[in-house]
Amino acid sequence: MLDARIRLFIDPLLNAQGRKLAHFGISANQVTLLGLALGLTAALLIALGAPGWALLPLLLSRLADGLDGAVARASQPSDFGGLLDISCDFAVYGAVPLGFVLADPASNGVAGAFLLASFYVSGTSFLGYAILAEKRKMTTQAQGVKTLYYVGGLLEGAETIGFFVLLCLWPVAFAPLAWVFGTLCLVTAAVRVWLAWRVFS
């Protein structure tokens, strides 16, 4: 919901830094994999009971997720790079809730399972819409220049990052927050399916 608005402010900064990284020969895929490593480090710290320490690698991971596209635009975007990017994003988005489940399975297990299931459904609706949009040769730059067609939703990247930060700052509230956020993910998926019905029927 917020991604398109936020990008108006952060894209010029990211693009400037992306051009510098590309100038030094750093590839978009390298930045993507760095973001994955940082995100998995954050998840590991959460699993070890140190969610506060996970904040820095988590935020750096999401910064890398913004920079990889900027580097690609400044050099040579590729379809594989787009696939690698979304795959690593989903890996981090799954690993962080898993970290909270592993840290306290008794308190967080059921809510964490629900949250991960809702991510699965939301991710499927996102990628399914992108496939159908590509089949129809649809394009959009509402979320910036992307390899995949990005359809918006109630919850997008900015909201998910904010949610993860809140969890790291308030880990004892993981279960109720996971139930609320997971429900909103399912609403997001339902809206995407409804939109697909309107557009592709």
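## Asp85 in helix α4

Asp85 is placed in helix α4, which covers residues 79–103; helices here are DSSP runs of H or I with at least four residues, numbered from the N terminus. This is a predicted model, in which local features need pLDDT of at least 70 and side-chain atom pairs count only at pLDDT 80 or more, while totals for chains, interfaces and linings use all residues. Residues are numbered from 1 along each chain as its sequence is written, and side-chain values use heavy atoms, with hydrogens and water left out.

With a relative accessible area of 14%, Asp85 is buried, a term that means under 20% relative accessible area, as against over 50% for exposed and the range in between for partly exposed (1.4 Å probe, protein chains only). Once its neighbours within four places in sequence are set aside, Asp85 has contacts with Thr32, Asp65, Asp68 and Tyr150, where contact means heavy atoms within 4.5 Å.

Helix α5 (residues 105–135) is made of 31 residues and reaches 42 Å from its first C-alpha to its last, close to the 45 Å expected at 1.5 Å a residue; the expected span is 1.5 Å times one less than the number of residues. A kink of about 30 degrees is centred on Ala111 in α5, the bend at a residue being the angle between axes fitted to the seven residues ending there and the seven starting there.

Ala117 also belongs to helix α5, and its 39% relative accessibility makes it partly exposed.

Most residues other than glycine have a negative phi. Lys137, in the loop between α5 and α6, has a positive phi of about 60 degrees although it is not a glycine, and at 65% relative accessibility this lysine counts as exposed.

## Packing of α6 and α7

Helix α6 (residues 157–169) packs with helix α7 (residues 174–200) at an angle of about 165 degrees, their axes lying 10 Å apart; axes are lines fitted to C-alpha atoms, for helices over the stretch in contact, and angles run from 0 to 180 degrees between N-to-C directions. The two helices are therefore roughly antiparallel, a description that applies to angles over 145 degrees. The contact is made by Glu159, Thr160, Phe163, Leu166 and Leu167 of α6, together with Phe174, Leu177, Ala178 and Phe181 of α7.

Definitions and conventions
Parallel < 35°, antiparallel > 145°, perpendicular 65-115°, else oblique.
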